[in-house]
Amino acid sequence: MNGFGDTAARTLIMGIVNVTPDSFSDGGRFATTAAAIAQGMLLASQGADWIDVGGESTRPGAERVGPDVELARVLPVVRALAAAGIAVSIDTLNASTALRAVEAGARLVNDVSAGLADPAMLAAVADSGAEIALGHWRGPSSDMYARAQYDDVAGDVVTELRARADAALAAGIDASRIVLDPGIGFAKDAAQNWQVLAALPFIVSSGYRVLIGTSRKKFLGTMLGDRDNLATRDLATAMTSGLAAQSGVWGVRVHDVAATRVALDVATAWQSGARTPHAKENHDQA
Ligand code: PMM
């Protein structure tokens, strides 16, 4: 297989653990930490290859929390999951949080801003030895839809991601440590998200590993219309993740790992069928 980095034969699942007070109904610092660790363990047991731990919401319109609050939320969770032998990534815009999380055992820094939110990020990751996922980002979540202007959304996203990959290379991060993420929902409207998804084979042809996150996002709700609920969004997420796997992505970032595991197993079985020579006699017997 061509490409930089650890290109696995099958698409990997990154299970999402958001350690934010509103993510777990029981509330309170300890209860939230314990619930987040339990959720990470559960997702790993359901077949997640990575657990992505985040302490600050990047959803549209979300307000920023300070790095101290973020760090207090994520650090015990990263430490516990890494100690259990789970591959942990840290979802953060802050270099200081990224560094402390890597010290606590995280192996990948997932920066949806690709180093644009914190100018110290790329150098920090370079020195840490961690891998980095670089997201396509045009500015803070609070007003990102104003920046959803493109000539050709997929082409523009790849051009802008390549510029961020070049910045990471210049900072001393080897190509084998870089993953690109076209940032579904980040400065993109629903139609633009679908155009990016349809162009995934082109984005994969960049040679970098590609990560994609459609999970439970608003554009799926828009498509579902009056059928929109958590179950249908998870079903739509599993389908988009399966199609992304067919397009050759390295990983999919999802909330519902069990459903996505089924979808990716289908994609893997389908691909193994495609590799089997279909001799005429097989067809005759079928
Ligand atoms: N989306 C969100 C947060 N982190 N990370 C990556 N690499 N890709 C994404 O698409 C992405 C991300 C926002 O979704 P959430 O609030 O449901 O976690």
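Contact, as used in these legends, means heavy atoms within 4.5 Å. The views show a predicted model, in which local features need pLDDT of at least 70 and side-chain atom pairs count only at pLDDT 80 or more, while totals for chains, interfaces and linings use all residues. Residues are numbered from 1 along each chain as its sequence is written, and side-chain values use heavy atoms, with hydrogens and water left out.

View 1. T92 is placed in the loop between strand 3 (88-91) and helix 3 (95-103); helices (H or I, at least four residues) and strands (E, at least two) are DSSP runs, numbered from the N terminus. With a relative accessible area of 2%, T92 is buried, a term that denotes under 20% relative accessible area (1.4 Å probe, protein chains only). Leaving aside neighbours within four places in sequence, the residues in contact with T92 are E70, T97, A98, V109, N110, D111 and M121.

**View 2. Polar partners of T92.** A polar contact of 2.8 Å joins the side chains of T92 and E70. Such a contact is a pair of N or O atoms within 3.5 Å; within protein, one must be able to donate a hydrogen and the other to accept it, and residues adjacent in sequence count only if both atoms are side-chain atoms. A polar atom of the T92 side chain also lies 3.0 Å from the backbone nitrogen of N94.

View 3. An N or O atom in the side chain of D91 is 2.9 Å from a nitrogen atom of the ligand. Oxygen atoms of the ligand lie 2.7 Å from a polar side-chain atom of K217 and 2.9 Å from one of R253. The protein buries 96% of the 410 Å² that the ligand exposes when taken alone, with areas from the Shrake-Rupley method and a 1.4 Å probe.

**View 4. Helix 9 and its ends.** Helix 9 (residues 230-246) has 17 residues. At the N-terminal end, N229 caps helix 9 through a side-chain oxygen 3.0 Å from the backbone nitrogen of A231. Just after helix 9, G248 takes a positive phi of about 95°.

**View 5. Packing of helix 9.** The buried residues of helix 9 include R233, D234, T237 and A245. Among the elements against which the buried residues of helix 9 pack are helix 6 (190-198), strand 8 (251-254) and helix 10 (257-275).

Methods: Expected span 1.5 Å × (residues − 1). Buried < 20%, exposed > 50% of the residue type's maximum accessible area, 1.4 Å probe, protein only.
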